[in-house]
Amino acid sequence: MKNLYFSTTLFLLLTLLTAPSVFAQHKSVIHGFIKNEQGDAVSGSLVTIINASETALSNDKGFYQLTLVGGTYQIRVSSTGYEQLEKTLLVKEKEAYELNFTLINSGHQLKEVVVKGYRALTGMGYLNDVHDNVVYSGKKTEVILLDSLNANTAQNNPRQVLGRIPGANYSETEGSGFPSNGIGYRGLTPTQSIETNIRQNGYNVAADIYGYPEAYYLPPLEAVERIEVTRGAASLQFGPQFGGVINYIVKRGPTNKPIEINVQQTGGSFGLFNSFISAGGQSGKLNYYSFIQYKNVNGWRPNAEYQSFTGFAGLNYQANEKLQLGLEYSILRNRIQMPGGFTDEQFNQDSRASYRARNWLSSPWNIITGKADYRISANVKASFKSAYQFSERSLVWKNEDGGPGEPDSISTVTLEPVNREVQREFFHGSTNELRLTANYDLGNMHNTLATGMRAFYGRMKREGGGLSTTGSDFNLSLLDPHFEYSLDFTTTNIAPFAENIFRIGQKLTVTPGLRYEFVRSTINGYVDDGADELRSNFSKNRHFLLAGTGAQFLTGALTNFYANISQAYRPVTYEQLSPFGSSAKVDPNLKDSKGYNADLGWRGAVKNYLNFDISGFYLRYNNRIGIIQQTDAEGKEFLLRTNIANSIHKGIESYVELNLTKAFFPRTAFGNISFYDSFSYVDAHYISGQFKNKEVEYAPKTVNRLGITYALKGISTTFVLSNTAKSFGDASNAVRSDDPSVGIIPANQVMDWSSTLKIERYNIKLSVNNLADKRYFTLRTSEYPGPGIIPAIGRSFALGIGAKF
């Protein structure tokens, strides 16, 4: 099946690349350059043929090109931060025309030139060579534009948004105890996105970028303008993680009005109510944007109630033509009931049942961020972000002793309700990142240096095993103030880095880079095993150098080859050293994981109707940490978290997006039909240790998503078919086990449908998730919110009404 998907995608791409010669025999070519008043190229400018529905984007050189039949056309050029220009051109058949544009600053009081920094014809594109003081040349990147998608943003359905990214594998657990769904790429663990650096507006939102990298806060998708994704080669600029970076860019207020209010109200299945309100605008030099979101869901399963409040406020002040200052605050308050996990038999019997009625989670999150962007000169820019996080996570539950098959409300000995336990974590972290980019000439080469430093200090206090009440409500009170364990963790990280783009001729760039990491970890506290109180006072320093290089070669105005290889590193986390609420044991000799990522691909666009990115990757992951099933001296099975072995992940990723109407029927009045296919093949195996040649857990061989969209004026509708191959829950590749956290994760096929109707300032959105009501799961866990199988949500409906004022 994987060969069929890949062959079909490749055949379609090659066919479409030759289509212009077939369909353009009598057409003329319009091309030219778009520059500003200083003569600099303006990339990402949108060129629109108003009376022919044709569009193109300018490249890094400011170059654009369009193909048209003879006629008289109105041509409009627009780019953020510049005044819009229009020209009229008489085009004769079989002739070439050069039409250049010089853009003028828009004259807003902000007085800053804003270039988008990404290239996208429709819903997805990729980042420019340098964007927000970060080098992306030669790296595999994706940009998803939220406003151009039909997606169920109220329910945060990952398949309809991030599903466009090839190989995205999800742990669909938002309805079962986690605040958000997790994501992983290339056979990396998806749970809580622990292998991926999750950011908002360029700064970290996880609790501890090294010690506790789980993501509990994410901005609601209604507030997101775009999502920027960089694969493993991001390690030199953002830190040594294997899974790359996902950066959620929150909207800003419109610059042409003092206030704009957006309201979106959504209701749906299982008691879904989602209320989103945002307000933003521009007053003089000050831009402002804020939102609040309230969400309530009764749950697809019993005992799965979810309530949350998310808020954001952002200010951006243009002090002068060189300096811009910003301040942001993000807040999350939630309360989640956890319905528990299943054994295989329980899941097969009734995947909507619940065997836990008294388990609760809360994870209040706070992030305050200050920002400064300063243009030192025409060729040198600096930026600084300082984020302070103070957050916590609290659970009250009946622990998983006895597994998911044991009732949690009545003791089999006393026939009375059993006491629950309380676990609490408190996080405080400060992250400071300074970045500088400088354009300079070296001989005939125009080069770019991007350098900077990150400094981080984080503290986490973990307390667990506290004796709690026998009730079923959310109650963190203790009957005994003494916890079974109380541990204090700290992480200190200092990391300078530098990358340089060498531009060799007009087409080739080479980008070498280095990053130095210093990490200090400490742990202090006690663990009471009932007989003795064991005290810990431990510290560990690590320092290492990461290196990498990338290359990019222009094969056309809108296409390029890219290649890169970068080292990556992942230290042992707090969670892996002392997993709370877990039935697994921990190897006391855990080692940090090291390795590297490599990519080789071809991407770009053909005219305004085809967008593609086809690549191969190779990932080496040494000392991979995972869970294996062992047997003790008494013959009892138990789970052990340890360094399993080294693994290699290699495969193919492809994305093809085609607008059939613009390609073959550009003058039709019957709307636009487009489709995309997002496909990945992953071969992830262990190459050493007792599980040599076994498949890596949570690494489905194929993930394919096909989406089809029809749009006519204010109506658009999208259908998505997602296919994910089987994978395994542990390194032994056990198909069945007495322990439900070990076993196969079956393949699944899921269908989603969304539609939007826009009437002036109003919109109506209708969506159906899991259209065929498939029963499946993506996670087996030895810890919360299980243990055992955590099912995905069945068919659900949502209807939303929105307005803009």
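A charge sits over a ring if NZ of Lys or CZ of Arg is within 6 Å of the ring centre and within 35 degrees of the ring normal. The legends below describe a predicted model, in which local features need pLDDT of at least 70 and side-chain atom pairs count only at pLDDT 80 or more, while totals for chains, interfaces and linings use all residues. Residues are numbered from 1 along each chain as its sequence is written, and side-chain values use heavy atoms, with hydrogens and water left out.

**View A. Charges over aromatic rings.** K87 lies over the face of F101, at 4.6 Å from the ring centre. R624 is placed over the face of Y621, with 5.1 Å to the ring centre.

**View B. The aromatic pair W365 and F427.** The structure holds 19 aromatic pairs (rings of Phe, Tyr and Trp, the last by its six-membered ring, with centres within 6.5 Å; planes under 30 degrees apart count as stacked, over 60 as edge-to-face and the rest as tilted). One of them joins W365 and F427, tilted, at 5.6 Å centre to centre and 50 degrees between the planes. This pair links distant parts of the chain, with W365 in strand 26 (residues 365-375) and F427 in strand 28 (residues 421-442), 62 residues apart. Strands are DSSP runs of E of at least two residues, numbered from the N terminus. W365 counts as buried because its relative accessibility is 1% (buried means under 20% relative accessible area, exposed over 50%, partly exposed in between; 1.4 Å probe, protein chains only). F427 is also buried, at 2%.

**View C. An aromatic cluster.** F276, Y289, F291 and F312 form one aromatic cluster.

**View D. The salt bridge between K371 and E328.** A salt bridge is a side-chain nitrogen of Lys or Arg within 4 Å of a carboxyl oxygen of Asp or Glu, and the count by this rule is 32. In the bridge between K371 and E328 the closest N and O atoms are 2.8 Å apart. K371 lies in strand 26 and E328 in strand 24 (residues 323-337), 43 residues apart. K371 counts as buried because its relative accessibility is 12%, and E328 because its value is 5%.

**View E. The salt bridge between R570 and E195.** The closest N and O atoms of R570 and E195 are 3.7 Å apart. R570 belongs to strand 33 (residues 559-570), whereas E195 is in the loop between strand 15 and strand 16 (197-200), 375 residues apart. Both residues, R570 and E195, are buried.

**View F. A network of salt bridges.** Salt bridges link K140, E142, R186, R231, D599, D613 and E653 in a network.

Conventions: Helices (H or I, at least four residues) and strands (E, at least two) are DSSP runs, numbered from the N terminus.
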